Amino acid sequence: MECHKCKSQGQSCRKKSGGLAFFRKRQQSLDVEVSSSPPIALVGMPNVGKSVLFNALTGIYVTVSNYPGTTVEVSRGLVQIGEQSITVIDTPGMYSLLPISEEEKVARDLLLIEPVAAVIHVVDAKNLGRMLPLTFQLIEAALPVLLAVNMMDEAHNWGLDLRQDVLEMELGIPVVCMAAALNQGIDELKHRIMPFLPVQPAMIPA
Ligand SMILES: Nc1nc2c(ncn2[C@@H]2O[C@H](COP(=O)(O)OP(=O)(O)OP(=O)(O)O)[C@@H](O)[C@H]2O)c(=O)[nH]1
Ligand SMILES: [Mg+2]
């Protein structure tokens with residue numbers, strides 16, 4: 001495609017224009033890497049902080065598109081975990097795997113139609129009891145679930161504390177306590193996601 005500024009063709013123009021070149025390169029690598037390995041999906045009830053966590057994980061390079069055949073918007077971005085760039089999907093809020101609304105149906109389809117490397121169930125620490133039934137549904141559906149107990153800052157302000165180790169033992173899945181809006185717990189979450197990711201050929205000893 002011809003550049004409207006310098007009239008040169010694609011690659012040579014990118015070398016000349018610094019900022020834009022970087023932006024395009026990122027977009028290109030995003031397109032390639034988005035489709036390369038199974039994504040990580042963020043799921044949970046509305047207003048629990050999925051999108052805040054999505055932004056903390058992915059930064060600014062995201063794509064937003066309507067889920068096929070619907071008007072429901074789904075955001076995709078890349079997260080760097082160790083050596084790997086993995087696609088993260090921010091799903092619409094859902095209460096149950098048995099959908100009632102169009103948003104819930106999209107969230108359910110995103111989890112069950114395409115393979116996912118991990119499902120991060122984001123819950124509000126202040127309302128854990130109300131949110132765990134969806135955790136059980138996700139586990140029963142044999143999905144690779146990790147529980148992200150968000151809004152720990154507010155829970156602490158309410159005088160609530162959480163025994164992460166006990167919850168992990170009871171549920172049998174990894175649990176990470178966090179406050180996404182304060183950037184707390186993000187690194188631990190990435191660390192706990194690692195075992196869910198497919199082993200890269202470069203990581204297998206010759
Ligand atoms: N105090 C506090 N607020 C948070 C935290 N994470 C998210 N929030 C706030 O919670 C509200 C909802 O966050 P969103 O990320 O939009 O929630 P969501 O789960 O994406 O909601 P839906 O898209 O409607 O499903 C926002 O006002 C956030 O600022 C947190 O760790 N602590
Ligand atoms: Mg959201």
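Two residues are in contact if their C-beta atoms, placed from the backbone, lie within 7 Å. In that sense, and leaving aside neighbours within four places in sequence, Ser37 is in contact with Ile86, Ala117 and Pro198. The structure described here is a predicted model of a protein chain with 8 helices and 7 strands. A ligand, numbered 1, is surrounded by 18 residues.

**Confidence in the model**

- The protein chain has a mean pLDDT of 84, and 79% of its residues reach 70 or more.
- Over residues 1-35, pLDDT stays under 50. For this stretch the model has 19 contacts beyond four places in sequence.

**Overall build**

- Of the 206 residues in the protein chain, 31% are buried.
- Taking contacts between residues at least 6 apart in sequence, 65% join residues that are at least 24 apart.

**Surroundings of ligand 1**

- The closest of the 18 surrounding residues are Gly49, Lys50, Ser51, Gly93 and Ala181.
- The most comes from α3, with 3 residues.

- Strand β2 (residues 62-66) pairs with β3 in the antiparallel sense, over 5 bridges. Within this pair, Val64 stands opposite Ser75 of β3.
- A hairpin is formed by β2 and β3, with 6 residues between them. Gly69, in the turn, has a positive phi of about 80 degrees.
- On to the next pair: β3 and β4 run antiparallel and are joined by 7 bridges. Ser75 has Asp90 as its bridge partner in β4, while in β3 Ser75 itself is the residue opposite Val64.
- The hairpin of β3 and β4 has 2 residues between the strands. Gly82 in this hairpin takes a positive phi near 60 degrees.

- Strand β5 is largely enclosed by the rest of the structure, because 6 of its 7 residues are buried.
- β1 and β5 run parallel and are joined by 4 bridges. Val43 stands opposite His121 in β5.
- β5 is also joined to strand β6 (residues 145-150), by 6 bridges, and these two strands run parallel. The bridge partner of Val119 in β6 is Val145.
- Between β5 and β6 the chain crosses through helix α5 (residues 128-140), and this β-α-β crossover is right-handed.

**Helix α4**

- In helix α4 (residues 102-112), the buried residues are Val106, Ala107, Arg108, Leu110 and Leu111.
- The cover over these buried residues includes the strands β1 (40-43), β3 (73-81), β4 (84-90) and β5 (118-124).

- Met151 lies in the loop between β6 and α6. Its phi is near 65 degrees, a positive value in a residue other than glycine.
- Met151 has 25 other C-beta atoms within 10 Å and is therefore buried, the cut-off for burial being 20 or more.
- Asn183 lies in the loop between β7 (175-177) and α8 (186-193). Although Asn183 is not a glycine, it has a positive phi of about 65 degrees.
- Asn183 counts as exposed because it has 11 C-beta neighbours inside 10 Å, where the cut-off for exposure is 12 or fewer.

**Ser37**

- Ser37 is placed in the loop between α2 (18-34) and β1.
- Ser37 has 16 C-beta neighbours inside 10 Å and so counts as partly exposed.
- Ser37 and Ser85 are 48 residues apart in sequence, and their C-alpha atoms are 9.0 Å apart in space.
- The contacts of Ser37 with Ile86, Ala117 and Pro198 leave aside its neighbours within four places in sequence.

Methods
Residues numbered from 1 in each chain as written. Chains lettered and ligands numbered in written order. Predicted model: local features only at pLDDT ≥ 70, side-chain atom pairs only at ≥ 80, totals over all residues. Near = placed C-beta within 6 Å. Pairing = 2+ DSSP bridges. Right-handed = clockwise from strand over helix to strand, strands pointing away. pLDDT = per-residue confidence, 0-100.
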